[in-house]
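Please look over the briefing below with the structure open beside it. It goes from the whole complex to single residues.

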Amino acid sequence: MLWKDEYELGVPLIDAQHKELFKRVESFLQALRSATSWDEKIPEINKTLDFMKRYVVEHFHDEEEYQKSINYPGYKCHKQIHDDMVNYVLDVSKQYEKCNTNEPLMQQFGGRLLAWLINHVAAEDQLIAAYAKKKGVSGNDR
Amino acid sequence: MIDNLYKTFIDATRNVFNLMLHLSEISDHPGEDFKSDEGVDIAVSIVGDLEGEVIYRFPVSTSLNMVKIMSGMEFEAVDDFVTSAISEIANIISGNVLTELSASDLKCDRLPPVQRKPGEDPNKDKEYELKTSCHINTSIGEIGLEIRLNRI
Ligand SMILES: [Fe+2]
């Protein structure tokens, strides 16, 4: 499984969204890497891509609201990282809509998304939890 | 300065490998003779107070192992997916290095990572004030790192 419990921040809403995001990315990767032909993969790819476009925006928004609520000092920087990723996702899906036989584009997207997501949740998002814990506002107690 | 840069890159690599790949046993030694096979060479250009490039060389087996750890899936060849995932890791390490350098008042930016074919090295003979290279050893394979920068 892609998700690891050590990624938990101790903020139930955000943790639930992260788990959902990992689950969807995982099924996206499974579809992307399955041994079937590209044509057969397209419906599943379209479905997860559509979901992720909406969900990533929604999740980033909720996470940013949480950061604001605890006066997280890294908010601006973190929001920039989110915005850059949203722009990348939107840019890739725009290119893909023009030509859904563009398998290399989707393979590149999958690889980058995997590494980006793991680093973001294992490193960047942990800083929010560390701050919350220090301030005694929330976060996990490990 | 060069020693400091070297250490900053090694520390950043160690941290990223630790967090993302759960690799803790990482050692390094200086050396220019890194043998790159048909793996992934990624160049990250740096602009700002320091200018130049950093090249990460990931041999085939190291690359495949890294992506396997991240995804839990098997990979047989270095394809678009693998190259892109590895490029993002080089991008993340470089970003962390620049954040670290900004704390000592060096303001730099990086350009998106570019894949180079092994052996393709357009800047090989350029002069750099700060130049060093090393081998990084991990339990899933070696990585070559080459730092070439000028103070602006
Ligand atoms: Fe985040």
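Two residues are in contact when heavy atoms lie within 4.5 Å. By that rule, residues 24 or more positions apart account for 66% of the contacts in chain B with a separation of 6 or more. For chain A the corresponding share is 71%. This is a predicted model. The predictor gives the complex an ipTM of 0.94 and a pTM of 0.94.

**Confidence**

- Chain B has a mean pLDDT of 93.
- In chain B, 100% of the residues reach a pLDDT of 70 or more.
- Where pLDDT is low, predicted coordinates should not be read in detail.

**Chain A: fold and dimensions**

- Chain A has four helices and zero strands.
- Its pattern along the sequence is α-α-α-α.
- The C-alpha trace of chain A spans about 50 × 30 × 20 Å along its principal axes.
- The radius of gyration of chain A is 16 Å. A compact globule of 142 residues would have a value near 14 Å, and the chain agrees with that.

**Chain B: fold and dimensions**

- Chain B has three helices and seven strands.
- From the N terminus, the order in chain B is α-β-β-β-α-α-β-β-β-β.
- The C-alpha atoms of chain B fill a box of roughly 45 × 30 × 25 Å along the principal axes.
- The radius of gyration of chain B is 15 Å. This agrees with a compact globule of 152 residues, for which a value near 15 Å would hold.

**Burial and surface**

- Buried residues make up 49% of the 142 residues in chain A.
- In chain B, 53% of the 152 residues count as buried.
- Chain A exposes about 7,100 Å², and carbon and sulfur atoms supply 52% of that area.
- The accessible surface of chain B is about 7,200 Å², with 46% belonging to carbon and sulfur atoms.

**Charged side chains**

- Chain A carries 19 positive and 23 negative side chains. The centres of these two sets lie 3 Å apart.
- Chain B carries 14 positive and 27 negative side chains. Here the centres of the two sets lie 2 Å apart.

**A serine in helix α3 of chain B**

- B:Ser87 is found in helix α3 of chain B, which covers residues 80–103.
- Is B:Ser87 buried or exposed? Its relative accessible area is 12%. Buried means under 20%, so B:Ser87 is buried.
- Which residues does B:Ser87 touch, not counting those up to four places away in sequence? They are B:Ile42 and B:Pro113.

**Positive phi in two loops**

- A:Asn71 has a phi near 55°, a positive value in a residue other than glycine.
- Where does A:Asn71 lie? It sits in the loop of chain A between α2 (38–69) and α3 (75–98).
- The relative accessibility of A:Asn71 is 60%. Exposed means over 50%, so A:Asn71 counts as exposed.
- B:His22 lies in the loop of chain B between α1 (2–21) and β1 (27–30).
- The relative accessible area of B:His22 is 38%. That falls between the 20% and 50% limits, so B:His22 is partly exposed.

Notes
Residues are numbered from 1 along each chain as its sequence is written. Chains are lettered from A and ligands numbered from 1 in the order in which they are written. This is a predicted model: local features need pLDDT of at least 70, side-chain atom pairs count only at pLDDT 80 or more; totals for chains, interfaces and linings use all residues. Side-chain values use heavy atoms; hydrogens and water are left out. The radius of gyration is taken over C-alpha atoms; the globule rule is 2.2 Å times the number of residues to the power 0.38. Buried means under 20% relative accessible area, exposed over 50%, partly exposed in between (1.4 Å probe, protein chains only). Accessible areas come from the Shrake-Rupley method with a 1.4 Å probe; for residues, only the protein chains shown count as cover. Lys and Arg count as positive and Asp and Glu as negative; His and the chain ends are not counted. The place of a charge is taken as NZ of Lys, CZ of Arg, CG of Asp or CD of Glu. pLDDT is the predictor's confidence in each residue, from 0 to 100.
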